[in-house]
Amino acid sequence: GGCEGTPPAAEVCNELDDDCDDLTDEGDVCGLHLYVDASNVDDALENGSEDHPFDRLDEAIALLEAGATVHVAAGAYEGGLTVAFAGVTVVGAGRDVVTITAPVGGTGLTVTGDDVTLTGLGFTGGAVGVAIAGAEGALVQGGVVEDCRVADIVAPADASLPATGISLDYANGARVVDCEIE
């Protein structure tokens, strides 16, 4: 399906058979998918695949490329990580079952890439839960933080940063949707 009555076209990631070869979304059209499951600690074949997910979020973040999707299973993960590639999606199993803990005085997850989507994630600890952070003259474009929970954010003892649930600095068009900050 997908090509009845239309001329064949290049395959794109849309769950249709765009090139009329009876296959859908074949090849690398849907980008890199990486999987993380904190409970998968004893898997000698761990490689980020669905069958052999990484047990730490930083392992998936280290392999990111533009357009990649990271699927995060329920569990507790260390934060202090940065998503620097454009078009990345990080999909958690739910804001109440995925917890990313920021280092003391740090940030759970920092986004510096354009059009990054974070969804279904919980953040705790540190001074900032999530930061979409560009720089003067280098704005981060777009981006969405949705269906998230941020809790127990504490300003560092030296007061170098205020306690901030979600920080949007030098971000153009970023959106925060359905997030709970406790």
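Tutor: Let us begin with a single residue, bearing in mind that this model is predicted. A171 is found in strand β15, which covers residues 171-172.

Student: Is A171 buried or exposed, or does it lie in between?

Tutor: A residue is called buried under 20% relative accessible area and exposed over 50%, with partly exposed in between. A171 has a relative accessibility of 28%, and therefore counts as partly exposed.

Student: Which residues does A171 contact, leaving aside its neighbours within four places in sequence?

Tutor: Its contacts of that kind are I132, L139 and V140. A separation in sequence can also be set beside a distance in space: A171 and G142 are 29 residues apart in the chain, while their C-alpha atoms lie 7.1 Å apart.

Student: How does one describe the chain as a whole?

Tutor: One begins with its elements and its surface. The chain has one helix and 17 strands. Of its 182 residues, 41% count as buried. The accessible surface comes to about 9,100 Å², and carbon and sulfur atoms make up 52% of that area. As for contacts with a separation of 6 or more, 52% of them join residues 24 or more positions apart.

Student: Which residue in β9 is the bridge partner of T101?

Tutor: That partner is T124. β6 and β9 run parallel and are joined by three bridges. T124 lies in β9, which spans residues 122-124. With a relative accessible area of 16%, T124 falls under the 20% limit and is therefore buried. Beyond residues up to four places away in sequence, T124 touches T99, I100, T101, A102, A151, D152 and I153.

Student: What can the two faces of a strand show?

Tutor: In a regular strand, the side chains alternate between the two faces of the sheet. Strand β5 (residues 89-92) has V90 and G92 on its covered face, and T89 and V91 on its uncovered face.

Student: Which strands pair with β5?

Tutor: Among them are β2 and β8. β2 and β5 pair in the parallel sense over four bridges, and H71 stands opposite V91. Strand β8 (residues 117-119) also runs parallel to β5, with three bridges between them. In β8, T119 is the bridge partner of V91.

Student: Which residues touch the most other members of the largest nonpolar core?

Tutor: That core has 32 residues, and those touching the most other members are L57, L64, V70, V72, L118, L121 and F123. The elements that give two or more residues to this core are β1 (33-36), α1 (57-62), β2 (69-72), β4 (81-83), β6 (98-101), β7 (107-111) and β10 (128-133). Of these, α1 gives the most, with three residues.

Student: Which residues does L118 touch, not counting those up to four places away in sequence?

Tutor: L118 touches V90, L109, V111, V130, V144, V145 and E146. One of these, V90, belongs to the covered face of β5.

Conventions
Residues are numbered from 1 along each chain as its sequence is written. This is a predicted model: local features need pLDDT of at least 70, side-chain atom pairs count only at pLDDT 80 or more; totals for chains, interfaces and linings use all residues. Side-chain values use heavy atoms; hydrogens and water are left out. Buried means under 20% relative accessible area, exposed over 50%, partly exposed in between (1.4 Å probe, protein chains only). Contact means heavy atoms within 4.5 Å. A nonpolar core is a set of buried Ala, Val, Leu, Ile, Met, Phe, Trp, Tyr and Cys residues joined through side-chain atoms within 4.5 Å. Accessible areas come from the Shrake-Rupley method with a 1.4 Å probe; for residues, only the protein chains shown count as cover. Two strands pair if DSSP finds at least two bridges between them.
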